[in-house]
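Please describe how side chains pair in this protein, taking the aromatic rings and then the charged groups.

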Amino acid sequence: MPQAPGTIHRELSIGELSERSGVSASALHFYERNGLISADRTPGNQRRYARETLRRVAFIKTSQRVGLPLKDIREALDSLPNGRTPTKRDWTRLSLRWRKELDERIAALQHLRDDLDGCIGCGCLSLKSCTLQNPSDELGATGAGALRWTDPN
């Protein structure tokens with residue numbers, strides 16, 4: 001139904017939410033199935049999203065962009081009282097909680113980047129040493145082959 005000029009559209013259809021958020025309708029359905037967002041239904045069974053859902057979707061997108069898994073994003077959203085939309089204060093609190101994990105990932109990626117030129121894979125291609133997984137050929141004393149890739153049991 002067309003809105004009169006100057007009226008505030010309180011709820012968004014899936015198409016409007018997709019267009020405004022830049023997230024595909026299929027991704028929004030996925031978020032809804034996984035409890036990240038919710039919608040009311042019209043008598044015709046069409047989804048209608050509260051305008052605050054735009055902020056939730058922005059929160060989800062930003063969290064994904066920094067590499068957080070959906071499980072952690074869902075836990076963060078579930079920690080908010082009454083399922084409310086995250087505020088700036090919420091983002092600050094939650095991002096502090098994630099900082100250590102992100103710092104560890106960054107350090108691991110930097111280590112990988114810095115040692116990548118010497119890595120083909122842990123002795124699996126008869127390297128004398130692997131600077132990533134087998135520094136100083138520590139595994140060489142235990143035998144030949146791809147020891148990190150085999151089950152020790």
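The report below covers ring pairs and salt bridges in turn.

This is a predicted model, in which local features need pLDDT of at least 70 and side-chain atom pairs count only at pLDDT 80 or more, while totals for chains, interfaces and linings use all residues. Residues are numbered from 1 along each chain as its sequence is written, and side-chain values use heavy atoms, with hydrogens and water left out.

The structure holds three aromatic pairs, a pair being rings of Phe, Tyr and Trp (its six-membered ring) with centres within 6.5 Å, where planes under 30 degrees apart count as stacked, over 60 as edge-to-face and the rest as tilted. In one of these, Phe59 and Trp98 are tilted, at 6.3 Å centre to centre and 50 degrees between the planes; this pair links helix H3 (residues 53–65) to helix H5 (residues 88–115), 39 residues apart. Helices (H or I, at least four residues) and strands (E, at least two) are DSSP runs, numbered from the N terminus. Trp91 and Trp98 pair edge-to-face, at 5.9 Å and 70 degrees, and ring pairs join Phe59, Trp91 and Trp98 into a cluster.

Seven salt bridges are found in the whole structure, each a side-chain nitrogen of Lys or Arg within 4 Å of a carboxyl oxygen of Asp or Glu. Among them are the following:

| Salt bridge | N to O distance |
|---|---|
| Glu32 and Arg47 | 2.8 Å |
| Glu75 and Lys71 | 3.5 Å |
| Glu101 and Arg105 | 2.4 Å |

Glu32 lies in helix H2 (residues 25–33) and Arg47 in strand S3 (residues 47–50), so this bridge ties together parts that are 15 residues apart in sequence. Glu101 and Arg105, by contrast, are four residues apart in helix H5, about one helical turn. Lys71, Asp72 and Glu75 are linked in a network of salt bridges.
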